[in-house]
Every structure is written in C-alpha cells, then in structure tokens.
Amino acid sequence: MSAVPNIKPRVVIVGAGPVGIATAIELGQRSISCVVIERNNRAGNAPRAKTTHTRTREHLRRWGIAQRLAEAAPFGIEYPPNVVFVTRLAGPEITRFEGSLYCSPKRDERYSEHSQWIPQYKLEAVLRDHAKTLPCVDIQFGKEYLSCEQDERGVHVHVRDCASGSEQRLDAEYLVGADGSRSAVRESIGAKMVGTYGLSRNYNTIFKAPGLAGAHRHGPGIMYWQCNSEVPSLIGPMDSDDVWFFMPMQLGPGVTFTPEQTVERIRTATGIDLPYQILSSDEWVANKLLANRYRKGRAFLVGDACHLHPPFGGFGMNMGISDGVDIGWKLAAVLQGWGGEILLDSYEVERRAAHEVVLEESDANHSQLPGQLAREGIEELTPRGDEVRREVAELVKRTKHREFFALGVMLGYSYKGSPIVVSDGRPSGWCRSLDYVPTAEPGCLAPHRWLSDDKSLYDLFGLGFTLLALDDVDARDLDVAVSEARAAGVPMDVLRLPDPALRELYQAKRALIRPDQHVAWRGDAWPANEVLAVACGLSRRHSVPEVASLA
C-alpha cells in the first residue's frame with residue numbers, strides 16, 4: 001500500500017460523533033491542534049439521541065453556539081415537551097408529564113440553558129460547523145483507526161484511508177477514543193467492559209408518517225408510551241416533514257422485521273392506518289457496562305467507549321460530551337505547560353463517579369417499560385378499563401417521574417474526592433438527589449445565577465480558571481493569587497462581584513472556578529501557594545486549612 005506522509009497534531013481523536021467533536025472543540029478553543037478521524041460520513045437520520053440536556057447546552061453556551069442549536073430545533077424551542085402515556089395513539093390516555101426534561105425556555109435560576117428536544121444529527125451538524133471554524137481542528141472522514149503504539153514522547157496512531165486503502169501514521173502526544181460501543185481504541189489499550197450485558201433487546205425505527213400528528217387526540221408531545229400487551233412501544237415526532245421514531249420494546253431472541261412487517265407493527269401499535277414509509281431501522285441491546293479503566297498512558301476513552309447503559313433519561317450522549325469537556329481542558333492544560341500529570345489522572349476519578357450515578361439511574365428507569373405497564377383490561381372503554389388506567393397512572397407517577405425530572409443527575413454530580421479538588425474542611429453538605437440543590441462545595445458545579453435578563457454568571461467565567469471575589473473589603477489576597485497564576489503560567493481571571501446574595505449562595509467570600517465551571521476551592525481568603533498547585537494537578541494535597549471562618 002502507498003504510504004502517506006506523517007502528520008503531527010498534538011491530539012488524535014477517533015470518532016466524529018458529538019463526543020469526539022466536543023473534545024475537539026474544547027481543545028481547539030484553547031489553540032491545541034487536533035485531528036479527528038472518522039470511518040463513516042455521519043450522514044442520514046440513523047436513530048440516536050433526541051434530547052440535549054441543560055448541561056450540554058451550557059457547554060454550547062460557553063462555545064458561543066447554544067443559539068444556533070435553538071435555531072436548528074425542528075419544532076421550535078416552545079414546542080411542548082410533554083411525555084404522554086396512552087394505550088395506543090388511537091386509544092385512551094393514561095396520564096402525562098408536562099414540561100419534561102427541563103426543555104422549557106422559561107428562565108430558571110438554577111441553570112443558564114434549558115434542555116432541547118432535537119435529533120442528534122442536527123446537534124452534530126451544529127458542533128461540526130463550529131469545529132470547522134477553529135483553525136486547530138482538522139476533521140477527516142473516511143479514515144479508519146487501525147492501532148496505536150506509545151513511547152515516552154508520544155503516541156503513534158495507524159490509520160487507513162477507506163477509499164484508497166493507503167495507510168498512514170499520525171504522530172501525536174495524546175490519543176482520545178470517542179469511537180463508541182465497539183471501540184477499537186478500547187481494544188488497543190486492553191480495557192474491558194464490565195457489568196451486565198443484554199438487559200433487553202429492542203428496535204428503533206425512523207419513519208415518515210404524513211398526518212400522524214393530527215390523527216390522534218392527545219395533542220403535541222415529544223414521546224408517547226404505548227402501554228398495551230400487543231406491541232408495547234415508544235413513539236414520537238423527531239423531525240420536520242412528518243419524521244417520527246418508533247421503538248418496540250423487549251423483543252424476544254431472534255425476532256427481526258422486514259420494512260413491510262415494521263409498517264404493520266406501527267399500524268398495530270398505534271391503531272392508526274396511514275401510508276408509513278420506513279427510513280431506517282436499527283436493533284439495539286440495553287446494557288449496563290463500564291470500562292475497567294479509562295486510560296492507558298497517553299490514550300483515553302470517552303463516551304460510549306467507556307460507558308454503556310439503557311437510554312431512559314437521555315443521559316448517554318450528554319454524559320459523553322461532558323467526558324470530552326473534562327479530558328479536553330485537562331489535556332490542553334498539560335500541553336500548554338501549566339497542568340501536571342495528576343490532572344490527567346483525575347479524568348477517570350471524576351468521570352467514573354458521574355458515570356456510576358447515571359448507570360444506576362438509567363437502570364432504574366429501564367425497570368418500568370411499556371410492557372410492564374400494560375394490564376389486562378387497560379384498553380377497555382368501560383368502567384373496569386377506567387379503573388385499570390387509574391391504577392396504572394398512579395404506578396407511572398410513582399415510578400417514572402424520576403426519568404423525566406432528574407435535574408440532580410444532570411447538574412448535581414460532585415467531583416469531591418478528586419485529587420485536583422481542594423476540600424474546604426467543612427462537613428459535606430452535598431448529597432445525591434434527583435432534585436438539584438445548588439451548592440458551592442468544592443467539586444460541585446458552580447451555583448448559577450442570572451445577573452440580568454440575558455446575562456448569566458457563567459458568561460463572566462473565563463476560558464481558564466476564574467477566581468470569584470464576592471465581598472468588597474481589602475483584596476490584597478487577590479493580588480497574591482494573580483501573582484501566583486502569572487508565575488505558574490496558569491490562565492486565571494479575577495471576577496469581582498460584591499453581591500451579598502452571591503456570597504450567601506457560595507457560602508464564602510472567594511471561590512476558584514475551574515474551566516469546566518466546577519468549584520475547585522472556596523474560602524474567605526486566598527491561601528498563598530496552596531490552591532493552584534492542587535487545582536492544576538501539580539500537588540496531591542487535598543485540603544487547605546482555613547485562614548478565616550466561613551461566613
């Protein structure tokens with residue numbers, strides 16, 4: 001085979017899905033050169049994620065493209081994010097959740113961006129378009145990852161051109177595997193997926209359904225749970241031009257469908273006969289798996305390459321994008337010379353803790369699917385049927401609310417215990433909860449506040465660290481902090497906001513905010529020569545004695 005001259009980016013990313021591109025953006029916005037290689041063209045309407053969570057949109061806001069995603073919404077961001085439980089689309093309603101998944105654009109003090117119901121391929125297009133504007137990011141489609149070797153100076157990635165068959169070697173300093181559930185990078189570094197395989201076997205079909213939105217009486221929604229014993233399934237609108245998704249649940253082994261059979265199942269499931277047209281179908285298996293390690297030397301795993309779980313709650317893609325953000329800023333810090341090796345060690349420590357929370361939550365959501373909610377008599381239009389539906393409605397309210405209102409899972413995870421988080425020495429007030437209660441305890445996401453109609457506190461945070469100063473007294477300690485940062489080459493902005501409400505919210509006069517908007521440290525005065533070394537991964541010290549009591 002013909003050889004192609006070696007190219008030397010600083011980071012090679014395998015996989016140009018949302019996780020890989022998010023990683024590239026995080027690096028590219030910090031002027032770190034990277035190449036993204038992708039075997040497929042990422043075109044079409046393959047069934048993937050449909051919900052972009054609040055945290056993901058907050059990342060897009062940092063990157064300056066949240067509004068572009070809003071503009072790409074096929075139904076507009078005001079579309080009602082209702083989840084409706086029915087027997088069939090043509091049958092009676094059981095119950096519903098309105099305003100689910102925090103998709104309402106109404107301003108909320110707890111976060112800077114609402115969630116959004118949008119097909120993953122539209123999100124990918126917005127991310128790719130932005131990545132292409134970054135001079136340091138090179139996206140190469142039609143390139144297949146083959147293998148890698150590492151030495152003390154870098155990683156050598158072998159790639160094949162899918163069209164010509166020619167091979168080349170990319171020499172870089174780090175490798176990120178964002179290549180999905182069948183990750184070749186994971187195999188290269190000898191990592192194994194551990195957990196439970198085959199929780200359920202399911203189909204996901206994308207189809208055109210002209211007139212379906214007006215053919216039922218349940219009103220607009222993003223998802224309809226069809227709870228019947230014949231074809232228990234999920235169905236909902238996905239894109240303009242009458243494009244819908246259909247997901248028959250918990251199929252037996254060996255069950256397959258031709259396009260014609262799938263059309264019949266849609267008719268049976270909905271009770272509505274229309275000229276349906278199948279666009280794509282995809283079998284998927286629900287698993288609960290984590291990689292036994294996320295790193296080997298200079299190679300890292302992100303997204304589905306290191307965690308797989310049922311999609312109920314919509315956490316997977318969103319969690320993967322936050323993986324890319326985490327490893328992205330940390331790799332940039334090391335490559336720019338102000339981050340230490342401990343910073344890279346912290347990636348798995350921090351993200352594994354978040355992944356474990358999501359695996360537990362999505363597994364719980366998976367335990368109640370449309371088939372489990374079906375009951376004898378549930379479809380009867382009789383007093384007995386009414387009673388059965390009331391009983392199922394109560395069960396749905398008890399067991400499914402958590403799936404659609406889990407802001408604590410989206411925003412409430414904590415990195416406390418991470419080697420780059422400085423404990424403030426106080427008893428922990430943080431606890432895991434489906435509800436989100438903002439706290440500035442080190443390791444948690446910085447509490448949010450709106451400063452004006454359209455100005456978020458997060459908008460004032462810098463690309464590097466931000467030192468919040470929340471009082472208006474003598475600030476000589478801030479000068480010390482700035483001098484330390486300059487001497488170490490650490491990008492750090494000082495943000496003076498002498499606001500009693502913010503001080504109460506943060507329970508401190510000072511707070512150091514990381515590039516990913518998590519709290520690295522808080523206190524009432526900057527402790528000289530202590531905090532930055534830990535936050536930048538240059539020291540393993542976990543706590544700093546308080547120099548003044550917290551107000």
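Tutor: A disulfide is a pair of cysteine sulfur atoms within 2.5 Å. We are looking at a predicted model, where local features need pLDDT of at least 70 and side-chain atom pairs count only at pLDDT 80 or more, while totals for chains, interfaces and linings use all residues. Residues are numbered from 1 along each chain as its sequence is written, and side-chain values use heavy atoms, with hydrogens and water left out.

Student: How many disulfides does a search of the whole structure find?

Tutor: Take C136 as an example: the cysteine sulfur closest to its own belongs to C34 and lies 7.6 Å away, which is too far for a bond. When the search is carried through the whole structure, the number of disulfides found is zero.

Student: Is C103 buried or exposed?

Tutor: We judge this by relative accessible area, where buried means under 20%, exposed means over 50%, and partly exposed lies in between, using a 1.4 Å probe and protein chains only. C136, with 23%, counts as partly exposed. The value for C103 is 5%, so this cysteine counts as buried.

Student: At what angle do helix α1 and helix α7 pack?

Tutor: Helices are DSSP runs of H or I with at least four residues, strands are runs of E with at least two, and both are numbered from the N terminus. Each axis is a line fitted to C-alpha atoms, for helices over the stretch in contact, and angles run from 0 to 180 degrees between N-to-C directions. For α1 (residues 18-28) and α7 (residues 316-335), the axes are 8 Å apart and the angle is about 30 degrees.

Student: How are α1 and α7 oriented to each other?

Tutor: Angles under 35 degrees count as roughly parallel, over 145 as roughly antiparallel, 65 to 115 as roughly perpendicular, and the rest as oblique. The angle between α1 and α7 is about 30 degrees. These two helices are therefore roughly parallel.

Student: Is the crossing of α1 and α7 left-handed or right-handed?

Tutor: A crossing is left-handed if the near helix is turned anticlockwise from the far one by less than a right angle, and right-handed if clockwise. For comparison, α2 passes α7 in a left-handed crossing. The crossing of α1 and α7 is right-handed.

Student: Which orientation do α2 and α7 have to each other?

Tutor: The axes of α2 and α7 come within 9 Å, and they cross at roughly 40 degrees. That angle makes this pair of helices oblique.

Student: How many nonpolar, polar and charged residues make up the contact of α2 with α7?

Tutor: Contact means heavy atoms within 4.5 Å, while Ala, Val, Leu, Ile, Met, Phe, Trp, Tyr, Cys and Pro count as nonpolar, Asp, Glu, Lys and Arg as charged, and the others, Gly among them, as polar. From α2 come R55, T56, H59, R62 and W63, and they meet N318, I321, S322 and V325 of α7. By class, this contact has three nonpolar, four polar and two charged.

Student: Which residues of α4 meet α1?

Tutor: The axes of α1 and α4 come within 10 Å and cross at roughly 25 degrees, and that makes these helices roughly parallel. The crossing of α1 and α4 is left-handed. From α1, the residues P18, I21 and I25 take part, and they meet, in α4, Q120, E124, L127, R128, H130 and A131.

Student: Which residues does H53 touch, not counting residues up to four places away in sequence?

Tutor: H53 sits in the loop between β4 (51-52) and α2 (54-63). With a relative accessible area of 3%, H53 is buried. Beyond its sequence neighbours up to four places away, H53 touches S115, G313, G314, F315, N318 and M410.

Student: Where is D241 found?

Tutor: D241 is not a glycine, although it has a positive phi of about 65 degrees, and at 58% relative accessibility it counts as exposed. Its place is in the loop between β15 (233-239) and β16 (243-248).

Student: What is the phi of D242?

Tutor: D242 also has its place in the loop between β15 and β16, and at 34% relative accessibility D242 counts as partly exposed. Its phi is positive, in a residue other than glycine, and the value is near 65 degrees.
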